[in-house]
Structures are given as C-alpha cells and as structure tokens.
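Here is a short report on the packing inside one chain. Start with the sequence and the model below.

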Amino acid sequence: MARGDAEVAIPQQAKPALLAGGNPQIAKAEGDAPVQAYIAAMPGWKSDVGRRLDAIIMRTVPGVHKAVKWNSPFYGIEDQGWFLSFHVFTRYVKVTFFRGTSLRPVPPGQSKHKDVRYLDIYEDQLDEAQFAAWVKQTSQLPGERM
C-alpha cells in the first residue's frame with residue numbers, strides 16, 4: 001500500500017437476529033432477495049426445509065410473487081393476493097395456507113381463523129408430493145390481501 005492510501009473497510013453483512021423460536025428477523029420487503037435472506041438465516045435443518053418449500057412453490061407456480069412480511073416469507077399471485085406463508089418455530093416450520101379449508105385433503109393444523117389451515121413440518125417429515133398438490137390447489141384460489 002502506498003503512503004497516504006487509506007485502507008477501506010468493507011462492512012460485512014450482519015447475520016439477521018433470530019427471534020423467539022429461532023425465527024429470522026428480516027425487514028419487510030418484496031421480491032426473491034428478502035425471502036432468500038430469510039431462508040439462509042433459518043437455523044439448522046430448517047434452512048433446508050425452507051429451500052425445499054421455496055423450490056416446490058417456484059416449480060409449481062411459475063412467476064410466483066414473493067415478499068417477507070412480519071418476519072415470514074409470503075407467496076402469492078401479483079394483484080390477486082397471498083396464498084401461503086411459513087414461519088420458524090423451535091421444533092418445526094409452520095406453513096400457513098390462507099384458504100386451507102378449501103384444499104383436499106384439508107391440511108391437518110386447525111386455526112382460530114375460519115379458512116386458515118396449518119402444516120407443521122418437523123425434521124425429515126416433508127411430504128413433497130402432498131405439499132406440491134396443496135400449493136397447486138391454493139394458488140388457484142382467491143388470495144389474501146395483506
């Protein structure tokens with residue numbers, strides 16, 4: 001380094017904070033980049049589940065619209081609303097189907113919201129074929145406006 005040249009420090013990307021249950025804290029934003037940041041920050045085996053969910057959704061619904069809202073990835077059809085999201089908890093990843101009671105078979109997790117159903121995914125327990133079938137069905141229903 002020549003005399004008088006200053007060394008420029010390049011800031012390193014800080015890892016997102018993990019909230020209760022290990023859920024990554026990602027700023028609210030539209031697009032693939034914040035969703036990928038969320039998935040990369042998911043702890044342990046849950047990050048692999050996040051990558052698999054994202055890949056299945058993208059394969060099943062070409063052109064899917066993505067965003068992170070309330071520290072959760074959301075998937076939908078642009079100008080039609082959101083059809084699902086997921087969230088990290090201590091022992092599982094919870095998928096929310098906003099029109100879940102209209103799916104066949106109905107996802108197992110009940111909700112206090114009339115139309116919502118949940119799928120809790122534990123380590124090594126993702127049925128990819130069933131999940132893809134639900135994604136296809138739910139993406140064809142009216143989405144949730146949020």
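## Around L84

Beyond its neighbours within four places in sequence, L84 is in contact (heavy atoms within 4.5 Å) with I57, P73, F74, Y75, V95, T96, F97, F98, F131 and V135.

L84 is among the residues with the most contacts inside the largest nonpolar core, which has 27 residues. Such a core is a set of buried Ala, Val, Leu, Ile, Met, Phe, Trp, Tyr and Cys residues joined through side-chain atoms within 4.5 Å. Buried means under 20% relative accessible area with a 1.4 Å probe, protein chains only.

## Model and confidence

This is a predicted model: local features need pLDDT of at least 70, side-chain atom pairs count only at pLDDT 80 or more, and totals for chains, interfaces and linings use all residues. Residues are numbered from 1 along each chain as its sequence is written, and side-chain values use heavy atoms, leaving out hydrogens and water.

The chain's mean pLDDT (the predictor's confidence in each residue, from 0 to 100) is 91. Over residues 8-12 pLDDT stays under 50.

## Aromatic pairs

The whole structure holds nine aromatic pairs. Rings of Phe, Tyr and Trp (its six-membered ring) pair if their centres lie within 6.5 Å; planes under 30 degrees apart count as stacked, over 60 as edge-to-face and the rest as tilted.

F97 and F131 have ring centres 6.2 Å apart and planes at 50°, so this pair is tilted. F97 is buried at 0% relative accessible area, and F131 at 1%. F97 and W134 are edge-to-face, because their planes stand at 65°, with centres 5.7 Å apart.

Note on methods
Buried < 20%, exposed > 50% of the residue type's maximum accessible area, 1.4 Å probe, protein only.
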